[in-house]
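Here is a colleague's note for someone opening this model for the first time. Please keep the sequence and the 3D view at hand while reading.

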Amino acid sequence: MSNGGGAASSSTHLLDFLEEPIPGVGTYDDFHTIDWVREKCKDRERHRKINSKKKESAWEFTKSLYDAWSGWLVVTLTGLASGALAGLIDIAADWLNDLKEGVCLSAMWFNHEQCCWTSNETTFAERDKCPQWKSWAELILGQAEGPGSYIMNYFMYIYWALSFAFLAVCLVKVFAPYACGSGIPEIKTILSGFIIRGYLGKWTLMIKTITLVLAVASGLSLGKEGPLVHVACCCGNIFSYLFPKYSKNEAKKREVLSAASAAGVSVAFGAPIGGVLFSLEEVSYYFPLKTLWRSFFAALVAAFVLRSINPFGNSRLVLFYVEYHTPWYLFELIPFILLGVFGGLWGAFFIRANIAWCRRRKSTRFGKYPVLEVILVAAITAVVAFPNPYTRQNTSELIKELFTDCGPLESSQLCQYRSQMNGSKAFTDNPNRPAGPGVYSAMWQLCLALIFKIIMTIFTFGLKVPSGLFIPSMAIGAIAGRIVGIAVEQLAYYHHDWFLFKEWCEVGADCITPGLYAMVGAAACLGGVTRMTVSLVVIVFELTGGLEYIVPLMAAVMTSKWVGDAFGREGIYEAHIRLNGYPFLDAKEEFTHTTLAREVMRPRRSDPPLAVLTQDDLTVEELQGIINETSCNGFPVIVSKESQRLVGFALRRDITIALGKMSPEVCPSDTELHAPTLPADSPRPLKLRSILDMSPFTVTDHTPMEIVVDIFRKLGLRQCLVTHNGRLLGIITKKDILRHMAQMANQDPESIMFN
């Protein structure tokens, strides 16, 4: 397999062609893991070549400049596309969502709020009612009030919800099956070095963008924030093909995808810094310093584009941006921590329930009918959601209402406090006030909405439509937080002489902000489900624009993580990675067992011997036989069967491509791959050095598995050879490590493998 001797002949240049680079060698098959070390070596070699040539001519110098700037160029294009698509999705989803309730006669393309902007006939109490906006009952029956109009609006709401859901699931099923779900578990896996062809392609991008709008508008308990990360990564992947530096190197491409995921969160929450931290903390596997800068730049560009589009008409990047002006007090840390406990419990419960349901879907006939399942869930959601105003409205609008503090301009039921002067529902300047009937009615509706959201989110996440988890989790936390906030507020009003309130909450003082409790609850529940910490606090801080509330947020998020970790350390994305059997070695997970490399390596005692290639006496025919008879992804190369001394490692795909390039005339089947001394009339040996890794990673048979797992995680290895005194004993692959870890956790090792 290395260079051989022999007399020179006229056919030498034909038979030595494998010394030269072969097109296709170094690429990867679908559902295989990349070799990070080899990719980094390729990039260093490319960089050296460019640097050595740049002084030769002006053209070469220009090429070197283009190569240096291509990284910034690709993240700029990704940021521009992500911001534009996010704005388009926001506008279209708002319009379709309002289409379920009615239509704007003056301009069909206006949603409900835009329709009434120019109207002079709106009142303060009923600011969303104007003659230009007609409900379906008004259009079809000609009446706005009464049981008949309610039933007609109810029917049309269900009809549109089912239509949107049906269209979304059909488009996903027919055109892009990869467009379903959140996309974050798969992106985490791809960024760790796994290849899923088509997952970040143009069809997936187009269908995900369209069906995300339809899925959000259908009223299902899902959000668009997670899928926006998938959309941004699709943009990053597509643009990376314009630059050879990224298109021909899988490791470099993953740097672009890390920056793209930051841009996705930036436009999802209007949080550029939170997006960078999300990419670093949650999704990225390899995150060098230059990727940090480029991620920040991509997030900045994406946020700037979205701000220019201004999809919500409030000059903000998100619908539920809020500002609070009341300080928080030390006593309030108790309810904040209790909200953290609720978030952790909800996260642990949701992960277990959702994974159990998804596993049942995979293992029963129910999973064979995705369209029927989506229609069924959409129908139940629409039927139950319509009677309750808090479940009928868009989830982002619900979060906005729950976050918003009560002021003179708020007409929400949650702000119908009694005035102390005359007992009416009017809002007075006295901030500390008793709740009116509207608030108590809203509390009951919020309790029912909380139960509804908890149940429906479990069954919705994992459907064959684009479905994010950020918004439903935040809604559940915001509902719980608002209920707790109002309860504490009323407690402070009626019992202001208690020692808890006496020191800092005087009669008539503005002490409690229920909206702040909603925000803390939202962060706690999202933290409980995803187990994010730093990035989540920064995202919510950017949403509110208040440095003052970082301590309550940190307390709630850390509590929710600790409580959640007590029931299981993995978040929802890691749980779905494990459910799908993706080969993902989580850097956060600790390996605490005392096993050795020889206990994990293959072959085991009961297994057939390891398939190897010998350097001395292997013919092309024997090599083709080994390729045909085995399914291994690579073969160790040894000196001979007797010595078992290791020479290197050759990948199956590279050997197959190399053999495919040969013709029988040039290369007879009895040609040896290496021959130290050759008769003059024998065929020339093949030189396969260009496809042979001469320095494969090796460990000894006594190496602790703790170190082996660390090597795999930190270097992103595909396989590692096990030797004893230089003699080959076996091989450890990433899948062997995952099987071993499952075995140590008392799980079926075969059940976790990707099929």
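1. Basis. The model is predicted, and local features need pLDDT of at least 70, while side-chain atom pairs count only at pLDDT 80 or more and totals for chains, interfaces and linings use all residues. Residues are numbered from 1 along each chain as its sequence is written, and side-chain values use heavy atoms, with hydrogens and water left out.

2. Cavities. A cavity is a set of points, on a 1 Å grid over the protein atoms alone, where a 1.4 Å probe fits but cannot get out, and its lining residues have an atom within 4 Å of a point. Grid points are joined across faces, edges and corners, and a volume is the space filled by probe spheres set on the points. By this rule there are five cavities of 30 Å³ or more.

3. The largest cavity. This cavity holds about 140 Å³ of space, and of the 21 residues that line it, Val216, Leu220, Leu222, Asn394 and Thr395 are the closest to its centre. Two or more lining residues come from each of helix 15 (370-385), helix 16 (389-392), helix 17 (395-403) and helix 18 (437-460), where helices are DSSP runs (H or I, at least four residues) numbered from the N terminus. The lining has seven nonpolar, nine polar and five charged residues; here Ala, Val, Leu, Ile, Met, Phe, Trp, Tyr, Cys and Pro count as nonpolar, Asp, Glu, Lys and Arg as charged, and the others, Gly among them, as polar. Domain 1 (72-309) and domain 2 (330-416 + 433-580) each give at least three residues to this lining, with domain bounds that come from an automatic or database domain assignment.

4. The second largest cavity. Its volume is about 70 Å³, and its lining includes Asp90, Lys224, Glu225, Phe312 and Ser396. At least two lining residues are supplied by each of helix 9 (225-240) and helix 11 (250-269). By class, the lining residues divide into eight nonpolar, one polar and three charged.

5. Helix 12. The twelve residues of helix 12 (residues 272-283) should span 16 Å at 1.5 Å a residue, and the end C-alpha atoms are 16 Å apart, which agrees; the expected span is 1.5 Å times one less than the number of residues. Among the buried residues of helix 12 are Pro272, Val276, Phe278 and Glu282 (buried means under 20% relative accessible area, exposed over 50%, partly exposed in between, with a 1.4 Å probe and protein chains only).

6. Glutamate 282 and lysine 188 meet through their side chains in a salt bridge (3.8 Å, N to O), which is defined as a side-chain nitrogen of Lys or Arg within 4 Å of a carboxyl oxygen of Asp or Glu. This pair links distant parts of the chain, with glutamate 282 in helix 12 and lysine 188 in helix 7 (residues 184-191), 94 residues apart. Glutamate 282 is buried, at 1% relative accessible area, and lysine 188 is buried too, at 2%.

7. Other salt bridges. The structure holds 22 salt bridges. Glutamate 60 and lysine 63 form one of them (3.8 Å, N to O), and they are separated by about one helical turn because they lie three residues apart in helix 3 (residues 58-99). Glutamate 60 is buried, with a relative accessible area of 18%, whereas lysine 63 counts as partly exposed at 40%.

Technical notes:
1 Å grid on protein atoms, 1.4 Å probe; cavity = no way out; pocket = protein on both sides within 12 Å on 5 of 7 lines; lining within 4 Å.
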